Amino acid sequence: MKFNIDHKSPVPLHAQVEELLRELIEEEEYKNGKILPSEVELSKKLAISRSTVRQAIKKLVFEGLLIRKKRAGTKVAPKPVSSKSNNWLSFSQEMRLRGIPIKNYELHLSWVEADHELAEFFEIDLKRKVLKMERVRGKPDEPFVYFVSYFHPRIGLNGEEDFTRPLYEMLEHDYSVVATISKEEISATAAKALICEKLQIKENDPVLFRKRFVFDQGERPIEYNLGYYKADSFFFTVESSR
């Protein structure tokens, strides 16, 4: 294949590199496990910066077409096995795929000081300011989930972003931050006063509580998320294959 880019083209360089990589990974040798050229090799061959190459690779990693490991290089990802427990999406993406219309009831942004739990997770100083987002969402006729998210200062969010957009799409497109790993804890709890107010339920009604820790492809923390779901409006499905 012809492996070069047009520096005079109006098409962004990272988009041109992305298209070249899409063609490259279709070649049989790379499908069979051959390691792709490194960022350094690609940047030299194409006469562009490593950051531009990295941006294109991140996009394909995000789509699940490539996998990369430290000291092992980048290669074509094997065909995935369907598993709802592994193939996670943002709330907006998941509801969109299921054809469920969603209404945003509340959206609040504020800057708060990191407590011990946030400071430990983000590996930042205690009381450092982090952006906090609170959202109440649900079907057109009723709210059923209350989210509280905290974001690592490293991302560079300023609180002026359009958070009505799908969160992980916005982080990727605007900040080149690719959410790659999600670790979750799920438990049942009884609704306290604040949750009752947000979800329009009675005190001590059952609530599904989901704590989500989100990391980028370098396994660096980017989001600490708490989700409170109405027990009668939401269920969590796990599929496992062997």
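Biologist: Are Phe-209 and Tyr-228 buried or exposed?

Modeller: Both Phe-209 and Tyr-228 are buried, where buried means under 20% relative accessible area, exposed means over 50%, and partly exposed lies in between, with a 1.4 Å probe and protein chains only. Phe-209 counts as buried because its relative accessibility is 16%, and Tyr-228 is buried with a relative accessible area of 18%. Please keep in mind that this is a predicted model, in which local features need pLDDT of at least 70 and side-chain atom pairs count only at pLDDT 80 or more, while totals for chains, interfaces and linings use all residues. Residues are numbered from 1 along each chain as its sequence is written, and side-chain values use heavy atoms, with hydrogens and water left out.

Biologist: What describes a pair of aromatic rings?

Modeller: A pair of aromatic rings is described by the distance of the centres and the angle of the planes. Rings of Phe, Tyr and Trp (its six-membered ring) pair if their centres lie within 6.5 Å, and planes under 30 degrees apart count as stacked, over 60 as edge-to-face and the rest as tilted. The structure holds 10 aromatic pairs. In one of them, the rings of Tyr-146 and Tyr-228 have centres 5.9 Å apart and planes at 25°, so this pair is stacked.

Biologist: Which parts of the chain does the pair of Tyr-146 and Tyr-228 link?

Modeller: The pair links distant parts of the chain, since Tyr-146 is in strand E5 (residues 142–151) and Tyr-228 is in strand E8 (residues 221–230), 82 residues apart. Strands (E, at least two residues) and helices (H or I, at least four) are DSSP runs, numbered from the N terminus. Tyr-146 counts as buried because its relative accessibility is 3%.

Biologist: What is the geometry of the pair that Phe-209 and Tyr-228 form?

Modeller: Phe-209 and Tyr-228 form a stacked pair, with 4.9 Å from centre to centre and 25° between the planes. This pair also links distant parts of the chain, with Phe-209 in strand E7 (residues 206–216) and Tyr-228 in strand E8, 19 residues apart. Not counting residues up to four places away in sequence, Phe-209 touches Glu-185, Ile-186, Ser-187, Thr-189, Leu-226, Gly-227 and Tyr-228, where contact means heavy atoms within 4.5 Å.

Biologist: How many bridges join E5 and E8?

Modeller: Two strands pair if DSSP finds at least two bridges between them. E5 and E8 pair in the antiparallel sense over seven bridges, and Val-145 stands opposite Tyr-229 in E8. Strand E4 (residues 129–139) also pairs with E5 in the antiparallel sense, over nine bridges, and E4 and E5 form a hairpin with two residues between them. In E5, Val-148 is the bridge partner of Glu-134.

Biologist: Why is E5 described as largely enclosed by the rest of the structure?

Modeller: Nine of the 10 residues of E5 are buried, so the strand is largely enclosed by the rest of the structure. For the protein chain as a whole, 42% of the 242 residues count as buried.

Biologist: Which rings are linked into a cluster?

Modeller: Ring pairs link Phe-121, Phe-122, Tyr-150, Phe-213, Phe-215 and Tyr-224 into a cluster. Lys-183 lies over the face of Phe-215, at 5.1 Å from the ring centre; a charge sits over a ring if NZ of Lys or CZ of Arg is within 6 Å of the ring centre and within 35 degrees of the ring normal.
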